[in-house]
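Visitor: I would like to learn how to read the features of a structure. Please show me the one we will work with.

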Amino acid sequence: MDGLEPISLDDNQTLQAIGILADVLDGVDGPGGLDTVLVSKALRQVIATKSQPAFEFATRAFNTLDANVRRQVAETADQAAHDSVELRARVGGFLATSAKAPAAGGPATPAQATSFLNALNLRNRRRSPQSE
């Protein structure tokens, strides 16, 4: 994967982040819209199969998108993930249940993160402000 550390596809938060990214890609209008739908389908295949080769394919497909589209998608996905976390906190408070604390020594942030991985990892960065 171009020197990047693999991420766990067995982690529900990772799969939710991939789903958010796929949803955002589905909503992109304008030039490149067909390409974003194809990348979205590749991401949904990752969720369905939890396959590392499918993830690598989706990563390569995402990286073929126009740089401006990738930036727009990353920003929109960041906001969508943030909104999702806020909603979960409100629902969790309503149900009087606490969110799971991140495990100590969680996954390391890749040294050469792409905008694709950034979009996936933004949610975890917002939840754990201290960096290891």
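Predicted model: local features only at pLDDT ≥ 70, side-chain atom pairs only at ≥ 80, totals over all residues.

Visitor: Which residues have the most contacts inside the largest nonpolar core?

Guide: In soluble globular proteins, nonpolar side chains tend to be buried together. Here the largest nonpolar core has 24 residues, and Leu 25, Leu 43 and Val 73 have the most contacts inside it. The elements that give two or more residues to this core are α1 (12–26), α2 (33–49), α3 (52–63) and α4 (67–94). The largest share, seven residues, comes from α1.

Visitor: Is Thr 14 buried or exposed?

Guide: Thr 14 has 12% relative accessibility, so it counts as buried, the cut-off being under 20%. Thr 14 lies in helix α1. Beyond its neighbours within four places in sequence, Thr 14 is in contact with Ile 7 and Ser 8.

Visitor: How does the span of α3 agree with its 12 residues?

Guide: At 1.5 Å a residue, α3 should span 16 Å, and its end C-alpha atoms are 16 Å apart, which agrees.

Visitor: Which residues of α3 are buried?

Guide: The buried residues in α3 are Ala 54, Phe 55, Ala 58, Thr 59, Ala 61 and Phe 62. Because they cover an arc of only 165° around the axis, they are on the same side of α3. Pro 53 and Arg 60 are exposed, on the face of α3 turned away from that buried side.

Visitor: What is found at the start of α3?

Guide: There, a side-chain oxygen of Ser 51 reaches to within 3.2 Å of the backbone nitrogen of Ala 54.

Visitor: Where is Lys 50 found?

Guide: Lys 50 is in the loop between α2 and α3, and it is partly exposed at 40% relative accessibility. Lys 50 and Leu 15 are 35 residues apart in sequence, with their C-alpha atoms 8.5 Å apart. Leaving aside neighbours within four places in sequence, the contacts of Lys 50 are Leu 9, Asp 10, Leu 15 and Gln 45.

Visitor: How many salt bridges does a search of the whole structure find?

Guide: The search finds two. In one, the closest N and O atoms of Arg 44 and Asp 23 are 2.6 Å apart. Arg 44 lies in helix α2 and Asp 23 in helix α1, so this pair ties together parts that are 21 residues apart in sequence. Arg 44 also forms a salt bridge with Asp 26, with the closest N and O atoms 2.8 Å apart. Through shared partners, salt bridges join Asp 23, Asp 26 and Arg 44 into one network.

Methods
Residues numbered from 1 in each chain as written. Heavy atoms only, no water. Core = buried A, V, L, I, M, F, W, Y, C linked by side-chain atoms within 4.5 Å. Buried < 20%, exposed > 50% of the residue type's maximum accessible area, 1.4 Å probe, protein only. Helix = DSSP H or I, 4+ residues; strand = E, 2+ residues; numbered from the N terminus. Contact = heavy atoms within 4.5 Å. Expected span 1.5 Å × (residues − 1). Arc of directions from axis to C-beta. Polar contact = N/O pair within 3.5 Å; in protein donor to acceptor, adjacent residues only side chain to side chain. Salt bridge = Lys/Arg side-chain N within 4 Å of Asp/Glu carboxyl O.
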